[in-house]
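Trainee: I am new to this structure and would like to go through it step by step. Could we look at it together, one question at a time?

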Amino acid sequence: MDNPFRYGCVVSGDHFCERTKAERELRGFVKAGQNVFVQGERRMGKTSLVRKAVSGVRGERLVYVDLYCIGSQSDLCRRIAEGVGRANSSMPFLKRVMAFASRLRPSLSFDSIDGSPKITVDAFAAEEPASLGIVMSMLENVASDGKSCIVFDEFQDILRIKDSERVLAEMRGRIQFQEDVPYLFLGSVRHEMWRIFTDTKSPFYKSAAAYDVGEIDVDDFSGFIVSRFEKGRRRISRDMARLTIATASGVSGDVQELCAALWDVTESGHVVTEADIPSALEVVFMRERKGFEKAVSMLTSTQLRVLRGLAEQPKLRVFGSEFLKRVGMTNAGAVSKALKRLEAHDLVHETAGGYRFGDSFFRQWILKTAT
Ligand SMILES: Nc1ncnc2c1ncn2[C@@H]1O[C@H](COP(=O)(O)OP(=O)(O)O)[C@@H](O)[C@H]1O
Ligand SMILES: [Mg+2]
């Protein structure tokens with residue numbers, strides 16, 4: 001039987017552990033036509049949750065636009081046009097929006113596997129400042145029947161556009177007049193999302209309610225894990241499932257990755273015990289090693305020292321004397337500089353309870369390789 005765990009992709013159906021409360025809350029926003037910015041760490045399950053929660057609300061059509069790694073206005077316009085095309089496959093609609101966007105020289109094709117429509121606009125034409133207004137009108141058009149919900153995923157990546165301020169101002173200008181259309185802005189880099197939505201100087205200041213996607217309820221998630229293992233004729237107790245969740249720091253995608261590895265290191269009929277965790281972690285490390293090594297190779301020896309210090313003692317005050325002693329440094333300013341670089345590399349981020357690794361497996365790997 002195939003491995004019953006999935007990670008690294010959007011999950012749905014029986015790969016999705018119910019998140020009843022969060023789904024209900026997000027639906028409430030959508031029903032009220034309320035704009036929301038949905039924030040949460042990477043792999044916590046934002047995309048999967050929103051896709052599940054939103055589909056089917058008030059006949060809702062999901063217009064999904066992924067801004068992951070966009071670098072220019074042209075990329076942004078192209079992603080929006082694609083999202084519009086995928087959202088409504090009726091031919092009269094597609095023809096109408098294509099005619100409407102003729103300045104962007106759009107072309108229409110159909111996916112060879114699922115037949116879904118794809119609108120492609122010309123990359124050069126999409127770079128012209130006026131093009132953003134045209135694709136925003138395409139969005140308004142698809143939403144004009146009051147049945148659409150518009151999702152921008154990895155919205156913080158808009159900040160990668162050279163003149164992102166102008167782009168944000170124009171988008172905001174258009175969105176604010178669509179009072180009944182719910183816009184959901186998803187993002188995984190907290191400080192950048194906060195900069196967009198809570199900085200008084202940002203065009204999106206106070207334009208959307210904040211919603212946090214945290215860990216899946218541990219009772220629900222452990223129940224889910226138990227039943228997935230059962231399905232594949234292995235057994236795991238509730239407590240062991242809880243331990244697995246904790247070992248992956250409660251990050252949904254990491255929990256599924258660790259479960260998938262536990263699956264791989266065990267045989268049919270096996271009862272999972274604590275002794276299986278180290279070999280499952282080995283499997284994870286083996287899969288992730290290249291990425292981890294690359295991340296480490298970009299660091300200076302000081303940065304690496306601070307990173308190791310954090311891995312060993314995530315709860316120590318990083319500027320306190322105990323931490324300095326532990327990492328063998330005397331200069332708090334140098335620690336602070338190293339931390340900034342580690343944050344810029346997206347390896348750690350500051351939380352209310354101290355610094356946290358973006359990837360808990362990376363932390364465990366650092367600990368393992370430091371000895
Ligand atoms: N509701 C869920 N139940 C079980 N696993 C989930 C759930 N949501 C997310 N995951 C796990 O997390 C991974 C990442 O999910 P995704 O929605 O892409 O997260 P994000 O958008 O926050 O990065 C999925 O591949 C899956 O392994
Ligand atoms: Mg996502």
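Trainee: In this model, how many Å apart do the C-alpha centres of domain 1 and domain 2 lie?
Mentor: Bear in mind that the model is predicted. The chain is divided into domain 1 (18-212), domain 2 (218-288) and domain 3 (298-370). If we take the C-alpha centres of domain 1 and domain 2, the distance between them is 35 Å.

Trainee: Which classes of residue make up the side of domain 1 that touches domain 2?
Mentor: Five residues of domain 1 are in contact with five residues of domain 2. On the domain 1 side of this contact, the residues sort by class into one nonpolar, one polar and three charged.

Trainee: How does the radius of gyration of the chain relate to the value that the globule rule gives?
Mentor: The chain, which holds 16 helices and nine strands, has a C-alpha trace that spans about 65 × 55 × 35 Å along its principal axes. For 371 residues the globule rule gives 21 Å, and the chain is close to that value, so it is as compact as a globular protein of that length, with a radius of gyration of 23 Å.

Trainee: Which helices each supply at least two residues of the shell around ligand 1?
Mentor: The shell has 22 residues, and the closest are Cys17, Gly45, Ser48, Gly253 and Gln256. By class the shell divides into eight nonpolar, nine polar and five charged residues, and at least three residues come from each of domain 1 (18-212) and domain 2 (218-288). The helices that each supply at least two residues are α2 (46-54) and α11 (252-264).

Trainee: With which residues is Val151 in contact, leaving aside its neighbours within four places in sequence?
Mentor: The largest nonpolar core has 99 residues, and Val151 is one of the three, together with Val84 and Met138, that touch the most other members. Leaving aside neighbours within four places in sequence, the contacts of Val151 are Val50, Val54, Leu62, Val63, Tyr64, Val65, Leu184 and Leu186.

Trainee: Is Glu154 buried or exposed?
Mentor: Glu154 sits in the loop between β5 (148-153) and α7 (164-175), and its phi is near 50°, a positive value in a residue other than glycine. Most residues other than glycine have a negative phi. A residue with 20 or more other C-beta atoms within 10 Å is buried, and because Glu154 has 20, it counts as buried.

Trainee: Which residues does Ser109 touch, not counting residues up to four places away in sequence?
Mentor: Ser109 belongs to strand β3 (residues 107-110) and is exposed, with 11 other C-beta atoms within 10 Å. Ser109 and Ile119 are 10 residues apart in sequence, and their C-alpha atoms are 6.7 Å apart in space. Not counting residues up to four places away in sequence, Ser109 touches Lys118 and Thr120.

Key. Residues numbered from 1 in each chain as written. Chains lettered and ligands numbered in written order. Predicted model: local features only at pLDDT ≥ 70, side-chain atom pairs only at ≥ 80, totals over all residues. Domains from an automatic or database assignment. Contact = placed C-beta atoms within 7 Å. Nonpolar A, V, L, I, M, F, W, Y, C, P; charged D, E, K, R; others polar. Helix = DSSP H or I, 4+ residues; strand = E, 2+ residues; numbered from the N terminus. Rg over C-alpha atoms; globule rule 2.2 N^0.38 Å. Buried ≥ 20, exposed ≤ 12 C-beta atoms within 10 Å, placed from the backbone. Near = placed C-beta within 6 Å. Core = buried A, V, L, I, M, F, W, Y, C linked by C-beta atoms within 7 Å.
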